[in-house]
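Let's sit down with this structure and learn to read it one feature at a time. Have the picture open as we talk.

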Amino acid sequence: MQRFAGLAFGAENFSPAKALFLRRWCCRLRNPIVHFQLLSVGDGLFSVELINGKYQLSGGIDPLALCKEHGTPLYVYDAAVMERQFRRIAGAFSYPKLRIHYACKALTNLTVMRLFRQWGAALDCVSIQEVQLGLMAGFVPDNILYTPNFAGLDEYEQAVQLGVKINIDAIPMLENWGLHHKDVPVCIRINPHLMAGGHENISVGHIDSKFGISIHQLPHVLRVVESQGLRIAGLHMHTGSDILDVDVFLRGADILFEAARKFPDLEYIDLGSGFKVPYKPEDIETDVEELGEKLSQRFAEFCREYGRELTLMFEPGKFLVSESGFLLARCTLVKQTTSTVFVGLDTGLNHLIRPMFYGSYHKIVNVTEPQFKPRIYTVVGNICETDTFGSDRRIAEVVEGDILCFYNAGAYGWMMASNYNSRPRPAEVLIYQGKAHLIRRRETLEDLTCNQVQIDI
Ligand SMILES: Cc1ncc(COP(=O)(O)O)c(C=O)c1O
């Protein structure tokens, strides 16, 4: 039984819809205690939950046993959470011609990509290598949108050869297109000049951003399209990540609708992504249900006026995989200075750069000893730079050897990992249908040296 706010619910009766309603209700009340409980409950699916004083992963899997088997640091993902998130966003829109492209940059593991394909997702790729991995994962070319930034013409050529949909985000490239591939229809990435996103490093739709073609340059775009006889099949925008406000998406959509009236041959409009997920107990997330309801109506109205039912596309990354992932790391040392108690780990910004890169918050718990009295710690990595995961965190007392778990590590965790300080990257485990599967082995010293060419000196 899960107990909160004086009520008791049987977990088995806890339908996803009821859980979602309660979660959103709690978000609105901003009741941290209740929300914490609901986060740990999930939408009827357990990810990392404290049961009888022990943390368990989905399906009752013991995170400590996983660490014993695969070593630390270790990334663990829960496929059930990914599926829940995919079905949630796909179900939020009543507009029938909807396509959800998984932005695989968030987590480009082939097994994960194959799962999204099986659930009915298409794919969003930002490099030709992501396209190649997408094809390896079984996506058909027509279900892949290639949206690079400052890629060379050679990469675009490969994308044409592979037959995927192509998104162009610069006028010089559009001009080139007419010279080389006039007959290949393209999408145009518009920068609508909306300041959106949780941090300046992940705000990409503002006036100083390098992404997209300015909405103010639309007359120039139209001249290029007309003079070169280009076929424009889609319009696209993506303004940033961690966007809470549904109105930002709606304003962006209105800007694209306005622009779309000038392109008579459109097949789709892609409104990008940026859906915010909760990181902290009191956090609220983008209300995708509200967005789905409002946008479905507006999109249908626009299509009636446009004269054709276009496909409505989104390309979420974080929303689909962030909450499914956990990073497990071992405490190597607890070090007290005159002002701070540091918990040092066998991982660092080389494996999870988000806190140092853009100040992201990751909840951290002690999975070895969750019942110990909480103390205040600054949790740091082992990299020779300032490498702080979280300052002044209340965590159950930590001793050397304890395993700490970072939440929200599914998106941009492993994918942004590096070999900095010559440390190998962690293994990845996927919990799928109640079983833990290794989906990427831990790197070794050999992986660090295999591409180095030693010369005689
Ligand atoms: C073009 C594009 N689409 C989609 C995404 C996914 O964004 P998010 O992870 O916030 O859903 C990104 C991420 O930066 C992106 O650059």
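## Reading the model step by step

A: Let's begin with confidence, since this is a predicted model. Over residues 1–46, pLDDT stays under 50, and the model has 51 contacts beyond four places in sequence for that stretch.

Q: How should I read a stretch with low pLDDT?
A: Where pLDDT is low, the predicted coordinates should not be read in detail. For the protein chain as a whole, the mean pLDDT is 88, and 87% of the residues reach 70 or more.

Q: How many helices and strands does the protein chain have?
A: You can look for 14 helices and 22 strands. Of the 457 residues in the chain, 45% are buried. Take the contacts between residues at least 6 apart in sequence: 68% of them join residues at least 24 apart.

Q: What describes two packed helices?
A: Two packed helices are described by the angle between their axes and the distance between the axes. On the helix 4 side, the contact is made by Ala 79, Met 82, Glu 83 and Phe 86, and on the helix 5 side by Leu 115, Phe 116 and Trp 119. By class, these are six nonpolar residues, no polar ones and one charged.

Q: Which residues of helix 10 and helix 11 meet?
A: Start with the geometry. Helix 10 (residues 246–260) and helix 11 (residues 288–306) pack at about 10 degrees, with axes 10 Å apart. At that angle, helix 10 is roughly parallel to helix 11. Helix 10 brings Val 246, Phe 249, Leu 250, Ala 253, Phe 257 and Ala 260, while helix 11 brings Glu 290, Leu 291, Lys 294, Leu 295, Arg 298, Phe 302 and Tyr 306. This contact has ten nonpolar residues, no polar ones and three charged.

Q: Is the crossing of helix 6 and helix 7 left-handed or right-handed?
A: The crossing of helix 6 and helix 7 is left-handed. Helix 6 covers residues 128–136 and helix 7 covers residues 153–162; their axes come within 10 Å and cross at roughly 20 degrees. Helix 6 is therefore roughly parallel to helix 7. Here Ile 128, Val 131 and Leu 135 of helix 6 meet Glu 155, Gln 158, Ala 159 and Leu 162 of helix 7. Sorted by class, the contact has five nonpolar residues, one polar and one charged.

Q: Where is Asn 408, and what is its phi?
A: Asn 408 is in the loop between strand 20 (403–406) and strand 21 (427–432), and its phi is near 55 degrees, a positive value. Tyr 412 is also found in the loop between strand 20 and strand 21, with a positive phi of about 60 degrees.

Q: Why does Asn 408 count as buried?
A: Asn 408 is buried because 26 other C-beta atoms lie within 10 Å, and the cut-off is 20 or more. Tyr 412 is buried as well, with 25. Asn 421 lies in the loop between strand 20 and strand 21 too, but with 14 C-beta neighbours inside 10 Å it counts as partly exposed.

Q: Which residues does Asn 421 touch beyond its sequence neighbours?
A: Not counting residues up to four places away in sequence, Asn 421 touches Asn 350, Ile 383 and Cys 384. The C-alpha atoms of Asn 421 and Asn 382 are separated by 9.2 Å, and these residues are 39 apart along the chain.

Q: Is Asp 270 buried or exposed?
A: Asp 270 counts as buried, with 25 C-beta neighbours inside 10 Å. Asp 270 sits in strand 13 (residues 268–270). Leaving aside neighbours within four places in sequence, its contacts are Leu 145, Cys 187, Gly 234, His 236, Met 313 and Glu 315.

Notes
Residues numbered from 1 in each chain as written. Predicted model: local features only at pLDDT ≥ 70, side-chain atom pairs only at ≥ 80, totals over all residues. pLDDT = per-residue confidence, 0-100. Contact = placed C-beta atoms within 7 Å. Helix = DSSP H or I, 4+ residues; strand = E, 2+ residues; numbered from the N terminus. Buried ≥ 20, exposed ≤ 12 C-beta atoms within 10 Å, placed from the backbone. Nonpolar A, V, L, I, M, F, W, Y, C, P; charged D, E, K, R; others polar. Axes fitted to C-alpha atoms, helices over the stretch in contact; angles between N-to-C directions. Parallel < 35°, antiparallel > 145°, perpendicular 65-115°, else oblique. Left-handed = near helix turned anticlockwise from the far one by under 90°.
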